[in-house]
Each structure stands twice: as C-alpha cells, then as structure tokens.
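Dear colleague,

Please find the structure below for your records. My notes on it follow directly after.

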Amino acid sequence: VTKNMILSIETSCDETSVAVVKNGREVLSNIVSSQIESHKRFGGVVPEIASRHHVEQITYILEEAMREADVSFKDIDAIAVTEGPGLVGALLIGVNAAKAVAFAHNKPLIGVHHIAGHIYANHIVEELTFPLLTLVVSGGHTELVYMTEHGSFEVIGETRDDAVGEAYDKVARTLGLPYPGGPHVDKLAQEGEATIDLPRAWLEPGSYDFSFSGLKSAVINTLHNAKQKGITLPIENVAASFQESVIEVLVTKTIQAAEEKKVNRILLAGGVAANKGLRSALKKACEEKGLTLTIPPLSLCTDNAAMIGAAGAIAFEKGKRANDWLNGEPGLIL
Ligand code: KG4
Ligand code: ZN
C-alpha cells in the first residue's frame, strides 16, 4: 500500500469537521463540532449562521484534529475537502481552509463529493467489495448508488422532491417535536402502532426514484382532519404509520435494485441510517435474500470529515487533483 495520510475537511452543512485518515481506512482523528443548538430555535439550518460558525470554528478544529492524530504537516500526503453539494457559504469555508493549508504546506488538494463521503464511511468499517449498492438517506439526499469499482458512482434512483430526512424533520415539526426531528419520530415510532393508512409512493413500475412530499402532506392532512373532528390521534401512532410507509418503500426498492443489478452487497449511508426501524427492516430483508449489509456506527453516519478522508484517499490513489480554482459547488453531481 502506498503511503496515504489524508487531512480532510467537511463543512457542507451544519457540522464543522476535520479528520486525519491513514491509508483510507484508519481514522487517527475525527473532530466534529455540531451547530445544532444554534439552529434549533429557527426549526432548521440557517445558512448564514452556519457559515459564521464554520469561520469561527475551522482553525481550532483543524488544530485539534492534527493534535489528536499526533501528526505534523510533514506526515500529511494530501488535503481532501467536501466541494459539494451543500450550502454554498458553508462549503466555501472548508474549501478555502483546505486551499490555504494545501498552499502553505505545498500539499496536493482533492475535492470530494459529499455523498461519496457518506458511502465511504462504510469502507472505514469494512473494506468495500464490488459490485455493491448503497442506499444514501440524509437530510439532503435520498439516493440509490450502484458501484462496480472504487470511485465510480452510478445514481440509479433518487428523490424527486423531499429527502427522507427532510420529510422526517417536517413531520416532526407538525407533531410539535424539536429540530432535528428525525430521531424523535423514530423513538415515538418504536412506542406506537401503524394504525393510520398512509400512501406509499411507488412511482412508475421499475423506477428506483423516491417521493416523500405526498406522504408528508398526507400526515399533515390526517392530523388536520382529525383535529377538525375533535379527535386527537396518538402521535406515536402517527409516527409509526409514517415510519412504516417510508421504510417499506426504501427497503423494497433497495432489494429490487439489488436483484436487478445482481449485487450481493448493500451499504446504508447518511444521517437517516441512524433510524432504528430502517436498520432493522433492511437487516431483515437482506438476511432473507442472502445479501451482505454494512451499516456504519452513528458517528460515521452523520456528517463528519473521516468519511471525506476515506473517499479522498481513493481519489488520491487514482491521481485526482484539484487546482487553485477549486470552488464550493452547491449542486455538484456525483
Ligand atoms: O447526513 P446528515 O447528518 O446530514 C445531511 O447531510 O443531511 O443527516 C441529517 C438528517 C436529519 O434530517 C435528521 O433528522 C435525520 O438525518 N436523522 C434521522 C435519525 N437520525 C437523524 N431520521 C430518522 N431517524 C433517525 N433516527
Ligand atoms: Zn450528509
């Protein structure tokens, strides 16, 4: 194995994170500073506040990541940074910090796609083997990504409207739960029963795309109608019904895609991979079909720089280099 020590930076949304990753899989440090508390009272991430926090935090987080990894810049082979997608002002802080470090220490610079990072969180847990299929579920993304080799990504399905996490957060808000609502809905769903009939958006036969906005509206309408009739629906049953619909569609489409693409390896990625219901339903479905499933630990599911370092290490080995023009690309495609 070639020497491959990556300093990686992630600032695409509301976590400022820096990591040091050795040979693509060994995490020497992974410092994550979350801003959730600052955004909570607004019920969502405020881009301007996110950028300001990144600016304030990035230098300290960088120093801390180097200190914890117990390395100096002479040990670092390349700097990897999330170039997109994400909030442009937030991305720019990470990209500019990476450029400054790369320039000051004369190191190669590598731009990494945020979703590639989420996928490669799995590589830290267990070495990837191909072909494989990843279900990426986060606050900003819902995608089925097919891979036949390292660093090549084919998106075979994606959301046409809301991302799963976004739907969770909106439903949570309707139920009066704090932001981010995903974990709260998940917890309530474990306590309730799926007694409410909600739609499943299968879309056209054979499509691996997703849609969650209709389901979200159905939940809102159901609550509204019940209220008008003077009925109070137990919110744990609303949560359970919503979660059941989401999981059924996600798991069914993932298994169908795996069969069509003839892959026997499935990865789960992104913040919603923390969902207990989804983890157990996907695990069960994979066991039934004899598919191998990898799910990263929680700390690697939510946004972090170690995953960017893992994806960056592969890009580094493949000779991918960015130049001084590297920019934050909010709509970067995989
Ligand atoms: O990957 P992530 O940290 O950030 C993005 O790149 O979007 O994902 C955050 C999303 C939020 O929408 C949050 O509500 C959701 O992941 N989430 C969950 C759970 N934990 C986090 N959604 C459902 N169930 C959970 N247990
Ligand atoms: Zn993410």
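The 27 residues of helix 8 should span 39 Å at 1.5 Å a residue, and the end C-alpha atoms are 39 Å apart, which agrees. The expected span is 1.5 Å times one less than the number of residues. Helices (H or I, at least four residues) and strands (E, at least two) are DSSP runs, numbered from the N terminus. Just after helix 8, Lys 262 has a positive phi of about 55°.

This is a predicted model, in which local features need pLDDT of at least 70 and side-chain atom pairs count only at pLDDT 80 or more, while totals for chains, interfaces and linings use all residues. Residues are numbered from 1 along each chain as its sequence is written, and chains are lettered from A and ligands numbered from 1 in the order in which they are written.

Helix 7 (residues 213-228) has 16 residues and reaches 23 Å between its first and last C-alpha, close to the 22 Å expected. Its buried residues (20 or more other C-beta atoms within 10 Å of their own, C-beta atoms being placed from the backbone) are Leu 215, Lys 216 and Val 219. Seen down the axis of helix 7, these fall within an arc of 110°, so they line one face of the helix; the arc is that of the directions from the helix axis to the C-beta atoms. On the other side, Ser 217, Asn 221, His 224, Asn 225 and Gln 228 are exposed (12 or fewer such atoms). Gly 230, which follows helix 7, has a positive phi near 75°.

Yours sincerely
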